[in-house]
Amino acid sequence: MAATEATRPGAGAGTDTYDVIVLGAGPVGENVAERVRAAGLSAVIVESELVGGECSYWACMPSKALLRPVTARSEACRVPGLQDAVTGPLDAPAVLAHRDAFASYWKDDGQVRWLDSAGIDLVRGAGRLAGPRRVTVDGGRVLTARHAVAVCTGSRPMLPPIPGLDRARPWTSREATSAKAVPGRLVVLGGGVVGVEMATAWRALGASVTLVVRGDGLLPRMEPFAGHLVAESLAEAGVFLRTGVEVREVRREAPGGPVTVVLDTADEIVADELLVATGRLPRTDDLGLETVGLEPGSWLEADDSCRVTEVTDGWLYAVGDVNHRALLTHQGKYQARIAGAAIAARARGVPILESDPWGAHAATADTRAVPQVVFSDPEVASVGLTAAAAERAGHRIRVVDQDLGAVAGAALYADGYRGRARMVVDLDREILLGATFVGPGVGELLHSATVAVAGEVPVERLWHAVPSFPTISEVWLRLLEAYRQ
């Protein structure tokens, strides 16, 4: 039976009534639908683009496929015995072909087959709310939900109001991760995760890259040393960094021609492409939010079970980027698991565990233990609160820093290993509030820190979690030794 036919058990053959309607077939929507199906409810997903969403085709997967050859080559060049073997530039066509494969060549057949195997119906088209528990698809077909509608439509790039920018047809994250050729000259506007990662990738693939940042440094939401170390590495790789400047105007005389970026210093930068990576907006502008009393184009405020707080009767959920809690694919999937469990519990009349902040129905990690990896060179990995955020929240803290390059495992990993580690300790409770690592390969260190933060593991108990020697993870021992001094 095809996934587009509404004949699943519980759906009602020949009807368009389901227990749960999900708007958006990205990883978040897929996980909401899968969780409610596993609980015995019927589900349908409405999607106007590719099943699999932004992460699969224009974000996580293609961007990391572009970046992995970059970091692998960089690390190999610092390993004795490999240095002479790794010569010459990256094979850009091979890297782009590798990226295409991980983006499934922008075809969603495999994802559709998965929906079918999971018993989840798919309706292709633009879904809009049409009042409580009702969704229209492309203005015609009407779907009705018995229990819940989940908005999982994600976010889109934000283009700042710079004169001439809209006419210049700039790259956004989508074009930056799917481009078919390496631009000769690329200007990247924005020093956040997308800007840093794409500057890293396209510079290594041969582009001349200028990174323009309005603020004083890179990765402003992370510990300051993270942005400093990444900036040093980008500069060494040949990226031109312009910090503390703003773009006043963008000019492009002809489609496909050169683009001129005019700075507030009166300097002009001419490039072949301009990537704008200055933030995200919710994909809620054409969802019919006005039919349920909400503002089109707004972020949807949700409680810890991801239920929209401003809609009566509790039937509308906002999961993933649209609720603005934590704009990361893995956090959206985490929220989906929480929301799916909450929807199923409410449908069965089971009490929701709202009193348990770490229970099955509360997305507590969104505020206390959000992990993130920036796949730059070097990598940046963080979880929980930075020192500044912890102080703003009123915690009495102690910050412990260590030179990651001084750990034996790091020295073995690569000659001249440069990195840093920090843990932020709540002095009143003696638990970790946050941790940050910068250095090659540190993304694989992060989950141990996430377990410590989410589990609120006492520092004294961490002392008994013995890291293997010689690994980079031994930095945990050095951090704890410094804390006990």
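Is R169 buried or exposed? At a relative accessibility of 64%, R169 counts as exposed. The legends below describe close-up views of a predicted model.

**Figure 1. R169 and E430, two residues with positive phi.** Most residues other than glycine have a negative phi. R169, which is not a glycine, has a positive phi of about 50°. The loop between β7 and α6 holds R169. For E430, likewise a residue other than glycine, phi is positive and near 60°. E430 is located in the loop between β20 (420-426) and β21 (431-439). With a relative accessible area of 29%, E430 is partly exposed.

**Figure 2. The aromatic pair of W171 and W202.** Four aromatic pairs are found in a search of the whole structure. In one of them, the ring centres of W171 and W202 are 5.8 Å apart and the planes stand at 55°, so the pair is classed as tilted. W171 belongs to the loop between β7 (155-157) and α6 (173-178), whereas W202 belongs to helix α7 (residues 193-204); the pair therefore ties together parts that are 31 residues apart in sequence. Both W171 and W202 are buried.

**Figure 3. The aromatic pair of Y413 and Y417.** The rings of Y413 and Y417 are arranged edge-to-face, with 6.1 Å from centre to centre and 85° between the planes. Y413 is partly exposed, at a relative accessible area of 31%, whereas Y417 counts as buried, at 7% relative accessibility.

**Figure 4. Arginine residues over tryptophan rings.** R174 is placed over the face of W58, at 3.7 Å from the ring centre. R484 is placed over the face of W463, at 3.9 Å from the ring centre.

Figure 5. The relative accessibility of I45 is 0%, so I45 counts as buried. Beyond residues up to four places away in sequence, I45 touches several residues, among them V22, A33, L115, I120 and V123. Its contacts also include G24, E30 and D121. G88 lies 43 residues from I45 along the chain, and the C-alpha atoms of I45 and G88 are separated by 47 Å.

Figure 6. Most peptide bonds are trans. P378 is found in the loop between β17 (371-374) and β18 (379-384). P470 is found in the loop between α14 (459-462) and α15 (475-484).

Key
Residues numbered from 1 in each chain as written. Predicted model: local features only at pLDDT ≥ 70, side-chain atom pairs only at ≥ 80, totals over all residues. Heavy atoms only, no water. Phe/Tyr/Trp six-rings, centres within 6.5 Å; stacked < 30°, edge-to-face > 60°. Helix = DSSP H or I, 4+ residues; strand = E, 2+ residues; numbered from the N terminus. Buried < 20%, exposed > 50% of the residue type's maximum accessible area, 1.4 Å probe, protein only. Lys NZ or Arg CZ within 6 Å of the ring centre and 35° of its normal. Contact = heavy atoms within 4.5 Å.
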